[in-house]
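Please look over the sequence and the 3D structure below before reading on. The report then goes through the structure by topic.

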Amino acid sequence: MAQSCILIALAGFITLLVQATGKEIAISREQNVWHKANATFYGDMTGAKTMACGYGDLFKQGYSLQTTALSTALFDGGLACGACFEIRCVDTPQWCIPNAGTITVTATNFCPPNYQKQDGNWCNPPQRHFDLSMPTFMKIAYYKAGIVPVRYRRVLCNKQGRVKFEGNGNRYWLLVLVYNV
Ligand SMILES: *[C@@H]1O[C@H](CO)[C@@H](O)[C@H](O)[C@H]1NC(C)=O
């Protein structure tokens, strides 16, 4: 009985591992391809907007302000939640901070379309748009810019890559079963 429990747990574990690896291979194919988008920032320093990805308190989870909201075109119906993006400011020397390099952010939120607004409807489809926290935006562009063109690419998340996997409780579940033997 205990043995079959372990087998079932192992099978589940391996399935997850294979799934995770498959996802990483898909992402690594996507890496190094830089796409066009625009970026803005939202008003305050707290990073606390409605969190469409359901991550709760981002500070407690170690995301701090390195997060972004994505427009419909990037959000992918929520599939992009937890994905990491490397972003650099481009094409506007007057707005891009010289030699700022790139920022890497985790997608934690949705930037909804706004069909009423004439100005600032950046998150409407089909536009690709990152709405960053102010401090993160200001690492690559000047505050006065307001909005800047960027290039972005999907990258593997350093710290957060495993969060989703562990968050499912599968690793814990495996450990519990083994401990029960
Ligand atoms: C960036 O913003 C400009 C100006 O609003 C717009 O024309 C362009 O399509 C946007 N780029 C992307 C990739 O959405």
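The sections below cover the basis of the model, its overall fold, its disulfides, its salt bridges and the ligand.

## Basis of the model

This is a predicted model, in which local features need pLDDT of at least 70 and side-chain atom pairs count only at pLDDT 80 or more, while totals for chains, interfaces and linings use all residues. Residues are numbered from 1 along each chain as its sequence is written, and side-chain values use heavy atoms, with hydrogens and water left out.

## Overall fold

The protein has five helices and six strands. Helices (H or I, at least four residues) and strands (E, at least two) are DSSP runs, numbered from the N terminus. Along the sequence, these elements come in the pattern α-β-β-α-β-β-β-α-β-α-α.

The protein has 181 residues, and 37% of them count as buried. Buried means under 20% relative accessible area, exposed means over 50%, and partly exposed lies in between (1.4 Å probe, protein chains only).

## Disulfides

How many disulfides does a search of the whole structure find? The search finds four, a disulfide being a pair of cysteine sulfur atoms within 2.5 Å. When the bonded cysteines are counted along the chain, the pairing pattern is 1-2, 3-8, 4-5, 6-7.

Cys53 lies in the loop between strand S1 (35–42) and strand S2 (67–70), and Cys81 lies in the loop between helix H2 (72–75) and S3, so the pair ties together parts that are 28 residues apart in sequence. Cys53 counts as buried at 14% relative accessibility, and Cys81 counts as buried at 10%.

Another disulfide joins Cys84 to Cys157, with the sulfur atoms 2.1 Å apart. This link of Cys84 and Cys157 is right-handed, with 115 degrees about the S-S bond. Cys84 is in strand S3 and Cys157 is in the loop between S6 and helix H4 (163–167), so the pair links distant parts of the chain, 73 residues apart. Both Cys84 and Cys157 are buried. A further disulfide joins Cys111 to Cys123 at an S to S distance of 1.9 Å. Its torsion about the S-S bond is about 90 degrees, so the disulfide of Cys111 and Cys123 is right-handed. Cys111 and Cys123 are 12 residues apart, and each is in the loop between S4 and strand S5 (129–133). Cys111 is buried, with a relative accessible area of 8%, and Cys123 is buried, with 5%.

## Salt bridges

A salt bridge is a side-chain nitrogen of Lys or Arg within 4 Å of a carboxyl oxygen of Asp or Glu. By this rule, the count comes to two salt bridges.

Arg153 forms a salt bridge with Glu86, and the closest N and O atoms are 2.8 Å apart. Arg153 is in strand S6 (residues 148–155) and Glu86 in strand S3 (residues 84–89), and the pair links distant parts of the chain, 67 residues apart. Are these two residues buried or exposed? Both Arg153 and Glu86 are buried.

Asp91 forms a salt bridge with Arg151, with the closest N and O atoms 3.6 Å apart. Asp91 lies in the loop between S3 and strand S4 (103–110) and Arg151 in strand S6, so the pair ties together parts that are 60 residues apart in sequence. Asp91 counts as exposed at 60% relative accessibility, whereas Arg151 is buried, with a relative accessible area of 18%.

## The ligand

Which residues are around the ligand? They are Lys36, Ala37, Asn38, Gln127 and Arg128, where a residue is near a molecule if one of its heavy atoms lies within 4 Å of it. By class, this shell has one nonpolar, two polar and two charged residues. Ala, Val, Leu, Ile, Met, Phe, Trp, Tyr, Cys and Pro count as nonpolar, Asp, Glu, Lys and Arg as charged, and the others, Gly among them, as polar.

A polar side-chain atom of Asn38 lies 2.3 Å from an oxygen atom of the ligand. For Arg128, a backbone N or O atom lies 3.1 Å from an oxygen atom of the ligand. Taken alone, the ligand exposes 360 Å², and the protein buries 46% of that. Accessible areas come from the Shrake-Rupley method with a 1.4 Å probe.

Definitions and conventions: A polar contact is a pair of N or O atoms within 3.5 Å; within protein, one must be able to donate a hydrogen and the other to accept it, and residues adjacent in sequence count only if both atoms are side-chain atoms.
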